[in-house]
Amino acid sequence: MTEPLLVDRTDAVVTLTLNRPKAMNAFDVALKEALRDVLAELETDRSCRAVVLAGAGGSFSAGQDLREHVATLESPSTDPLSTVGAHYNPIAARLANLPKPVVAAVRGMAAGAGASLAFLADIRIGGPSTSFLMAFAKVGLAADTGASWTLPRLVGHAKAVELLMLAEPVRAEEACRLGLLNRMVDDDEQVLAAAQELAARLAAGPTVAYGAIKRQLSIADAGTLADALAAEAQAQSICGATTDHRAATLAFVAKQRPIFEGR
């Protein structure tokens, strides 16, 4: 049986590849459970210092597997969207709170929950064929997998409303302009390599500080200046006690290149 999620480790970078290419990497239960559980393991895996999200074949992910979902709708279930609480919410929470950088290699289409998944990454890299489609309204649904939280922060409230309600595709160049993509390479075949190269660079950096930066921004987005200042004080207290901070400071004074160990 083909594994729905491929896990590849290269040094300190873990690449998670959605592996249902014949279904455009749509999420069935097996893929959702695998992704949820692996992310939970990576939270405390000290050997992992950066994560890459990718899709097998020519697509990132088409979102929820609607063929599987039809069977759920036709079952006696009183909550046909129970997958949101059981799968999509834990995936979104674990990605958003992962204390290490996440890079999405968005090749081809990212639709519905697939787009939402990409938006939870810290940095998104695409190519000429990359496109995003907030497809939820096309099947009579609202957003999930954190899109109602990430999308307004990326493109603003008004544009988020437009993308979610009109459900029109956003092509690569427009995605770059809006901030849905951080970087774009010229060749689709280079999207994954570019994402892994960037992840390796991040993995060699001060990953404790990166995790603190993610927490700071999350708190500041939803809070007051006082909340942000309190989060900054806590983050600096944590980072200031790390081996990385001490070693990098000494290296700076000695005009040497710092070596970060993520602790």
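Visitor: Leaving aside neighbours within four places in sequence, which residues is Phe132 in contact with?

Guide: Happy to start there, with the note that this is a predicted model. Leaving aside its neighbours within four places in sequence, Phe132 is in contact with Val106, Met109, Ala110, Ala115, Ala118, Phe119, Glu168, Pro169, Val170, Ala175, Leu180 and Leu181.

Visitor: Which residues of the largest nonpolar core touch the most other members?

Guide: Phe132 is one of them, and so is its contact Leu180. In general, nonpolar side chains in soluble globular proteins tend to be buried together. Of the 44 residues in this core, those that touch the most other members are Leu16, Leu35, Leu53, Leu117, Phe132 and Leu180.

Visitor: How many residues does the other core have, the one with Val185 and Ala199 among them?

Guide: That core lies apart from the largest one. Its members include Val185, Ala199, Leu202 and Ala203, and its residue count is 16.

Visitor: Is Glu197 buried or exposed?

Guide: Glu197 lies in helix 8, which spans residues 191-203. Residues over 50% relative accessible area count as exposed. Glu197 has 61%, so it is exposed.

Visitor: What is the C-alpha to C-alpha distance between Glu197 and Thr130?

Guide: Along the sequence, Glu197 and Thr130 are 67 residues apart. In space, their C-alpha to C-alpha distance is 19 Å.

Visitor: At what angle do the axes of helix 1 and helix 3 cross?

Guide: Two packed helices are described by the angle between their axes and the distance between the axes. Helix 1 covers residues 29-43 and helix 3 covers residues 83-97, and their axes come within 9 Å. Helix 1 passes helix 3 in a left-handed crossing. The crossing angle is roughly 35 degrees.

Visitor: How many charged residues does the contact of helix 1 with helix 3 have?

Guide: From helix 1 come Val29, Lys32, Glu33, Leu35, Arg36, Asp37, Leu39, Ala40 and Glu43. They meet Thr83, Ala86, His87, Tyr88, Pro90, Ile91, Arg94 and Leu95 in helix 3. By class, nine residues of this contact are nonpolar and two are polar, while the number of charged ones is six.

Visitor: How many nonpolar residues are in the contact of helix 5 with helix 6?

Guide: Leu151, Pro152 and Val155 in helix 5 meet His157, Lys159, Ala160, Leu163 and Leu164 in helix 6. One residue of this contact is polar and one is charged, and the nonpolar count is six.

Visitor: Is Ser148 buried or exposed?

Guide: Ser148 also lies in helix 5. Ser148 and Val51 are 97 residues apart in sequence, and 23 Å separates their C-alpha atoms. The relative accessible area of Ser148 is 55%, so this residue is exposed.

Visitor: Thr145 has a positive phi although it is not a glycine; what is the value?

Guide: Most residues other than glycine have a negative phi. Thr145 lies in the loop between strand 7 (131-133) and helix 5, and is buried at 2% relative accessible area. Its phi is about 55 degrees.

Visitor: Is Asp11 buried or exposed?

Guide: Asp11 lies in the loop between strand 1 (5-10) and strand 2 (13-18). Asp11 has a positive phi of about 55 degrees although it is not a glycine. At 77% relative accessibility, Asp11 counts as exposed.

Visitor: How is helix 9 oriented to helix 10?

Guide: Helix 9 (residues 207-222) and helix 10 (residues 225-240) pack with their axes 9 Å apart, at an angle of about 170 degrees. Because angles over 145 degrees fall in that class, the pair is roughly antiparallel.

Notes:
Residues numbered from 1 in each chain as written. Predicted model: local features only at pLDDT ≥ 70, side-chain atom pairs only at ≥ 80, totals over all residues. Heavy atoms only, no water. Contact = heavy atoms within 4.5 Å. Helix = DSSP H or I, 4+ residues; strand = E, 2+ residues; numbered from the N terminus. Nonpolar A, V, L, I, M, F, W, Y, C, P; charged D, E, K, R; others polar. Core = buried A, V, L, I, M, F, W, Y, C linked by side-chain atoms within 4.5 Å. Buried < 20%, exposed > 50% of the residue type's maximum accessible area, 1.4 Å probe, protein only. Axes fitted to C-alpha atoms, helices over the stretch in contact; angles between N-to-C directions. Left-handed = near helix turned anticlockwise from the far one by under 90°. Parallel < 35°, antiparallel > 145°, perpendicular 65-115°, else oblique.
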